[in-house]
Amino acid sequence: MNIPAELKYSKSHEWVKMDGDVAVIGISDFAQDALGDVVFINLPAEGDSVTAGESFGDVESVKAVSDVICPVSGTICEVNEALADAPETLNSDPYGAWIIKVSPVTDTEALLDAAAYEAHCAQEG
Amino acid sequence: MKLIFELGVEGRGMTLMPECDVPEYQLPEERSEALHLPHVSENELTRHYTALCKRIHGVNDGFYPLGSCTMKYNPKIDEDMAALPGFTQLHPLQPIETAQGALEALHTLGAELGEVFGMDAVTFQPAAGAHGEFTGVLLIKAYHTDRGDTARTKIIVPDSAHGTNPATAAMCGFQVINIPSGVDGCVDLDALRAAVGPDTAGLMLTNPNTVGIFDKNILEITKIIHDAGGLCYYDGANLNAVMGVVRPGDMGFDCIHSNLHKTFATPHGGGGPGAGAVGCKEFLKKYMPGPLVVKKDGKYGFAYPEKSIGRVKMFYGNFDVVVRALTYVLTLGKSGIREAAMNAVLNANYMRVRLKDTFTMAYDEICMHEFVMSLVDLHKETGVSALDLAKGMLDFGLHPPTMYFPLIVHEALMIEPCETESKETMDEVCGIYCKLFELAHSDPETLHTAPHSTPVRRLDEVGAARNMVLRYQFA
């Protein structure tokens, strides 16, 4: 399983890349594998405020619909609208297919580093 | 195989309409093109549907343990009664003096189900389960609004709920508060206590829950909601496990829906028609959809509840389903209803115990009418997923269990055998499941590519979801 060392992660399987004061957010390789083929994504709108631990959208796979939980708090400054037409990129390129960008960012304390996230995934099986 | 529209030739058909004996009337708006109707003979029509019949699997073909769907065998006497000309030739607008038998059927079933539910009034308008949920939650909304309590904006739903519960609450304009289940699959009481408050409109709950376990804290759960000023809605999806044994009304629920097409044995699985009968306690009766059947001076009539939320469906719901359910209830009687529930639970536990040494049970305890296995370990060891195993079952002529539900169990297979299966059938099925388990270890590739003997092989579910074709494109 691919867990890039430079990213931070949440226990609910989202990744965060800090780019200055902007947090780029997507779902991890573990998440896309567990979901199976993603067929639809419900995206939030630019300007929405998000709270760490709360849902900001949902993804639908052939198995189920699952919430995407925001790993940080802040305001959405950009949404990857291209995912709406090509949700399968969440499967093929989970770390390239970012979903939202958030700025300014707070509540980052609970994020895991790659090693801690890998241990968390091993536990969840 | 050809579709019905691709059969026959232009102009071929059957004269089904008797000669017109009333003056012809031109509709004010003419269609710009003729209706696309099949041009086939009766012979072609019969062969087409017989061919379709041979390619599907229903409860009349074999085992159908689709968890949470209660695919029980539907007694044929129910069909006989629903086919009585006195019922089939009714017009919903004919004078009620001439339809007293139909009104009596609605009234009688309402009283019988009220007894099973522990509720004081029942409506048959909702067309199916989710529609019943919608109606029930509208009753809760009407109750709060009527009291001028507009601060109650939230409905609490456990994370094990059917997806229709949060959808219903949202459709009724409520905010959905999701609370986690404990390790035993039951409601986490501390999480529930933390979630309730003056903004709680109500709770939506299935008991037994979606993992097939009866929540032992049910009286405490409904009390927590009531103490906070909210109402309790019972999703009757799993009523088959407890009918005639315990009553949702006695568990503390204020309103309920029951999928008559599941618990009360009317055919389902093909998209309807169903019936989502809704029951409520006396204090909610005045908000019920109208009209309700009432009996006065030995005659049946209709009455509109005082503060009715209005109609939720035209006329009286899917009446033919009501007739089937009434026949089912009257043929089983009070003791038979209870016995059916107890046998449903017994059958599920029989299969669970037969399988638990081979498969991993998500919750290793006595279950109600269904149980959930987790194939996480098998998947890790062999690469064979719940989906692969389910597809493998098709080659043995079995309908697979529900897959990947509930969401709180990974690689889930959810099995609900129902009371209408014999020990011999269940023994055979358990043998096949174990054989497939062995096959996962010895020849996983066969399962990755299953099914092999069905009219169509593995379908492109992803393609179907991403590129939906929902109607036939006429040339």
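Predicted model: local features only at pLDDT ≥ 70, side-chain atom pairs only at ≥ 80, totals over all residues.
**Chain A**

Chain A contains four helices and nine strands. Along the sequence these elements follow the order β-β-β-α-β-β-β-β-β-α-α-β-α.

The C-alpha atoms of chain A occupy a box of roughly 35 × 35 × 20 Å along the principal axes. For 125 residues, the rule for a compact globule gives a radius of gyration near 14 Å; chain A has 13 Å, so the two agree. Buried residues account for 38% of the 125 residues in chain A. Of the contacts in chain A between residues at least 6 apart in sequence, 65% link residues at least 24 apart.

**The contact between the chains**

Seven residues of chain A and nine residues of chain B make up the contact. On the side of chain A that touches chain B, four residues are nonpolar, one is polar and two are charged.

**Domains of chain B**

Chain B is divided into three domains, with the bounds given below.

| Domain of chain B | Residues |
|---|---|
| Domain 1 | 1–14 + 37–55 |
| Domain 2 | 80–332 |
| Domain 3 | 339–455 |

Domain 1 is assigned in two segments, 1–14 and 37–55. Taken over C-alpha atoms, the centres of domain 1 and domain 2 of chain B are 40 Å apart.

**Helix 1 of chain B**

Helix 1 of chain B covers residues 42–55. At 1.5 Å a residue, its 14 residues should span 20 Å, and the end C-alpha atoms are 20 Å apart, which agrees with that expectation. None of the 14 residues of helix 1 of chain B is buried, so the helix lies largely in the open.

**B:Leu219**

B:Leu219 belongs to helix 8 of chain B, which runs over residues 218–227. B:Leu219 has 12 other C-beta atoms within 10 Å and is therefore exposed, since a residue counts as exposed at 12 or fewer.

Leaving aside residues up to four places away in sequence, B:Leu219 touches B:Met251 and B:Gly252. B:Met251 is 32 residues from B:Leu219 along the chain, yet 5.7 Å separates their C-alpha atoms. The exposed B:Leu219 thus has contacts with B:Met251 and B:Gly252 beyond its sequence neighbours.

Terms used. Residues numbered from 1 in each chain as written. Chains lettered and ligands numbered in written order. Domains from an automatic or database assignment. Helix = DSSP H or I, 4+ residues; strand = E, 2+ residues; numbered from the N terminus. Buried ≥ 20, exposed ≤ 12 C-beta atoms within 10 Å, placed from the backbone. Contact = placed C-beta atoms within 7 Å. Expected span 1.5 Å × (residues − 1). Nonpolar A, V, L, I, M, F, W, Y, C, P; charged D, E, K, R; others polar. Rg over C-alpha atoms; globule rule 2.2 N^0.38 Å.
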